[in-house]
Amino acid sequence: MIKVSVVGAKGRMGSHVVDAVDSAADTELALALDAGDDLTAITPENTDVVVEFTVPSVSLGNVLALVKQGVDVVVGTTGWTEEKLDQVRAALAAAPREGQSVFIAPNFAISAVLADHFAKVAAPYFESAEVIELHHPTKVDAPSGTAFHTAQGIAEARKAAGLGPVPDATETDGGSRGQVVDGIHVHAVRLRGLNAHEEVLFGNSGEQLTIRADSFDRISFMPGVLLAVRKVSTGTYPGLTVGLDHFLDL
Ligand SMILES: NC(=O)c1ccc[n+]([C@@H]2O[C@H](COP(=O)([O-])OP(=O)(O)OC[C@H]3O[C@@H](n4cnc5c(N)ncnc54)[C@H](O)[C@@H]3O)[C@@H](O)[C@H]2O)c1
Ligand SMILES: O=C(O)C1=N[C@H](C(=O)O)CCC1
């Protein structure tokens, strides 16, 4: 049995993770902690893998503390920048246990992971590319971590293919053109009734490709979370890994 502790256990995602860990045949719930609880209760003796779903403002601090405590961590919280990832890498280099892992996924839903992958495949073939993410209005960060990651992937694929900047004649912009991530415009919609959705638009003269992923229910993230817990618990992914695509045969 894989012993799993959940941090952010009372949240929308954390509570689903608690249920998923309770229901799976090969995992058991160790500790379920939330804001105000003492993270030092989590130890390598009681926990194999911690699943962290909190808020972007506290996640880095939690991850650094958990690495120091000698446990592997699977992170679903968003808000990761290269600077923050470097801090995680440095913490892992000084970790108390050899081969310790931190795994971070911008999105655990297979639909979103595939959309992200397909976007990278399509990117070199189109002059224009933009990302639209659409979420529930209780989400605290924008743009979504997924959209940020998708835009970065498109930009990398364009650069590798030798493509220049996307065409755009905009001279005045009060914010309508969205956030620019590595040269790719990302737009965020917040709408009651939505859960988590992303559309990637590609255009050439006379043609368009749209790639869309829809998570209608948070249950869609759970197979990916359990896959990450199982992979990390094998001890074969030392260091920092970002993206569920690393665990899929894409
Ligand atoms: N990777 C994915 O597939 C995926 C999917 C959905 C959401 N998310 C991300 O997960 C994060 C959480 O989303 P949510 O909808 O569950 O949010 P939420 O607000 O419902 O839950 C966050 C929980 O974290 C707790 N918390 C806050 N500070 C804490 C601390 N210092 N220590 C422990 N717990 C603390 C809160 O009390 C709350 O229960 C967000 O960043 C969101 O974007 C990622
Ligand atoms: O509901 C959220 O919040 C989500 N956050 C992640 C993101 O920002 O990409 C994943 C999708 C759901």
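# Ligand 1 and its shell

Q: What classes of residue make up the shell around ligand 1?
A: By class, ten are nonpolar, eight polar and five charged. This is a predicted model: local features need pLDDT of at least 70, side-chain atom pairs count only at pLDDT 80 or more, and totals for chains, interfaces and linings use all residues. Residues are numbered from 1 along each chain as written, chains are lettered from A and ligands numbered from 1 in written order, and side-chain values use heavy atoms, without hydrogens and water.

Q: How many residues surround ligand 1, and which are closest?
A: The count is 23, each with a heavy atom within 4 Å of the ligand. R12, M13, D34, T78 and F108 are the closest.

Q: How much of ligand 1 does the protein bury?
A: 81% of the 860 Å² that ligand 1 exposes when taken alone. Areas come from the Shrake-Rupley method with a 1.4 Å probe.

Q: Which element gives the most to the shell?
A: α2, with three residues. Helices are DSSP runs (H or I) of at least four residues.

Q: Why does ligand 1 lie between the domains?
A: Because domain 1 (1–106 + 217–245) and domain 2 (108–215) both give residues to its shell. The bounds come from an automatic or database domain assignment.

Terms used: Helix = DSSP H or I, 4+ residues; strand = E, 2+ residues; numbered from the N terminus. Nonpolar A, V, L, I, M, F, W, Y, C, P; charged D, E, K, R; others polar.
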